[in-house]
Amino acid sequence: MDLPVELVEGLEQACAGVPERQLAVAVDRLISRYRDPRPAATPILGSAADVTAYAAYRMPATWGAVRFALGQFHELVPGFRPRTFLDIGGGTGAALWASAEVFPSLTEAVVLDQVDEALQLGRRLAGGAASAVVRSAVWRRAVVTDPQRTVGEADLAAVSYVLSELSEADQAAVVTHASEAAEVVIVIEPGTPDGHRRILAARENLITAGLTVVAPCPHQTPCPLAEGADWCHFSARINRTSLHRRLKGGELSHEDEKFSYVIASRAPHPRAQGRILRHPLKRKGLVTLQVCTPADGVVPTLISKRQGETYRRARDVQWGEAWPPGSASDS
């Protein structure tokens, strides 16, 4: 996936005013912090340089994860055309940019964050967007755990890469606030065992609040991976810009962002009949898929060349997509 050109240009301009060595040091510090499973005692973004470094190295990955997850939801519910969007703890607005791309029906957006420098940079980046809803978004300073500041009416709300910074009680509060604020809620965390556990807790909170899980799960029963050594996560491949490669010291032209997510809705919507949980194993004449199913948990699914069109579809399907493609269930 390619980041919107105007966002790439905006990030380049933002970084031009900060020495690249300073940005690289800030990136290293932020990477270490994001790998720490303990709640943050203070805001992770403590300076303008931190905010700029965060935007340069994290916005592409966050954008890619949100873009992929919402794309899966859109395939299941093509008739969902949200007008209003709420980004809780949205930082510099990566989820806003991704949501606007998936849902061109959006006309109003609000981004909430407690770091003023992040909001200021997000507003500057949004000023160059091709999307009208990104350009006109409202950037509001707010503590995300304060219900008086987060509850409102929205068709779609996002809580992306926020929960790891909070205590368990505050995590539950933020997810509850999102469920009260919106028709559809997406929660995304890093694709690690800790991130998966936070998503499982968020999933349970959303169900308790009366919402129905739509994606990625093909069911609303307990996760079959909840008690084992494995964990549910997915991957989005993002093409790196030259700035991104320099800041991360990477040589590859892309990076794979691993993430866990849940999307739930107040209105019932079709779910996938199954969800592919790993890269498909493709051999000559045979494709093996690890598929999460409503009735049997995660099961290996073998598709041979003798199955004709089903085999041809299996050759093209990707990790994280629904299986069978284009099929959905109301169960």
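Colleagues, a word on conventions. Residues are numbered from 1 along each chain as its sequence is written, and side-chain values use heavy atoms, with hydrogens and water left out. Because the model is predicted, local features need pLDDT of at least 70 and side-chain atom pairs count only at pLDDT 80 or more, while totals for chains, interfaces and linings use all residues.

I begin with the interior. A nonpolar core here is a set of buried Ala, Val, Leu, Ile, Met, Phe, Trp, Tyr and Cys residues joined through side-chain atoms within 4.5 Å. Buried means under 20% relative accessible area, exposed over 50%, and partly exposed in between, with a 1.4 Å probe and protein chains only. The largest nonpolar core has 62 residues, and Ile188, Phe259 and Ile263 touch the most other members. Helix H3, residues 48-76, gives the most to this core, with 11 residues; helices (H or I, at least four residues) and strands (E, at least two) are DSSP runs, numbered from the N terminus. Apart from this core lies another, of 27 residues, including Val159 and Leu163.

Next, glycine 191. Glycine 191 is found in the loop between strand E5 (182-190) and helix H9 (193-208), and is buried at 10% relative accessibility. Beyond its neighbours within four places in sequence, glycine 191 is in contact with Trp231, His233, Lys258, Phe259 and Ser260.

I turn to the aromatic rings. Rings of Phe, Tyr and Trp (its six-membered ring) pair if their centres lie within 6.5 Å; planes under 30 degrees apart count as stacked, over 60 as edge-to-face and the rest as tilted. The structure holds six such pairs.

Finally, the cysteines. How many disulfides does the whole structure hold? The search finds zero, a disulfide being a pair of cysteine sulfur atoms within 2.5 Å. For cysteine 217, the closest cysteine sulfur, in cysteine 232, is 6.4 Å away, too far for a bond. Cysteine 217 is buried, with a relative accessible area of 15%.

Definitions and conventions. Contact = heavy atoms within 4.5 Å.
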